[in-house]
Amino acid sequence: MSEYYYNGKVMPIFELKNQETFKHISFPYGVPEDQWLTDNGVLKVESWPTIDNFLQVLESSVGSEVDGKWKAFNVRNRTNDEKWDILRSKRDELLKNSDFTQLGDSPSNAVKWKAYRKLLRDLPTDYPNADDVVWPPSP
């Protein structure tokens, strides 16, 4: 559903139609035309984009007019440290899920699991840049 920015407020179309200024206006097909919006100081609200959550962060902002639309968010690239926070979390989960392999009654391929776990623990040292990480395959 489209939203509109008018008179300092973001609102859906039905609320826009109920504004005192527009109460007696009907929109064809229920949606105002772009020219009407421009003429009456109404901006379409830019919809939130789809982002890669590993690479980018979507942050809400106070809002401003950008290219004729109301934009109330910023997209920024994650820092290397933020990416490493995500990677460490995944790595820690993989280590936790393979803890059983290091017990006395572990599977016969315990040596392979030990090597795999070492590779996981060494990821931050082996790959200073989070974008370069190559995950080792589990045994």
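Helix α3 runs over residues 80-97; its 18 residues reach 25 Å from first C-alpha to last, close to the 26 Å expected at 1.5 Å a residue. That expected span is 1.5 Å times one less than the number of residues, and helices here are DSSP runs (H or I, at least four residues), as strands are (E, at least two), numbered from the N terminus. The model is a predicted one, where local features need pLDDT of at least 70 and side-chain atom pairs count only at pLDDT 80 or more, while totals for chains, interfaces and linings use all residues. Residues are numbered from 1 along each chain as its sequence is written, and side-chain values use heavy atoms, with hydrogens and water left out.

So which residues of α3 are buried? They are Lys 83, Trp 84, Leu 87, Arg 91 and Leu 95, buried meaning under 20% relative accessible area, exposed over 50% and partly exposed in between (1.4 Å probe, protein chains only). These residues sit on the same side of α3 because they cover an arc of only 105 degrees around the axis, the arc being that of the directions from the helix axis to the C-beta atoms. Over on the other side of α3, Asp 85 and Lys 96 are exposed. The cover over the buried residues of α3 includes α4 (110-121) and α5 (123-126).

Lys 83, in helix α3, has a relative accessible area of 8%, so Lys 83 is buried. Leaving out residues up to four places away in sequence, Lys 83 touches Phe 54, Leu 55, Arg 78, Ala 130 and Asp 131, contact meaning heavy atoms within 4.5 Å.

Now for α4: its 12 residues reach 16 Å from first C-alpha to last, close to the 16 Å expected at 1.5 Å a residue. Trp 113, Tyr 116, Arg 117 and Leu 120 are buried in α4. With an arc of only 100 degrees around the axis, they end up on the same side of α4. The face turned away from that buried side carries Val 111 and Lys 114, both exposed. The buried residues of α4 pack against α3 and α5.

Elsewhere, the largest pocket holds about 180 Å³ of space. Of the 11 residues lining the largest pocket, Glu 3, Val 45, Glu 46, Ser 47 and Trp 48 are the closest to its centre. A pocket is an open set of points on a 1 Å grid over the protein atoms alone, where a 1.4 Å probe fits, with protein on both sides within 12 Å along at least five of seven lines; lining residues have an atom within 4 Å of a point. Strands β3 (43-45) and β5 (69-77) each supply at least two residues of that lining.

Note on methods. Points joined across faces, edges and corners; volume = space filled by probe spheres on them.
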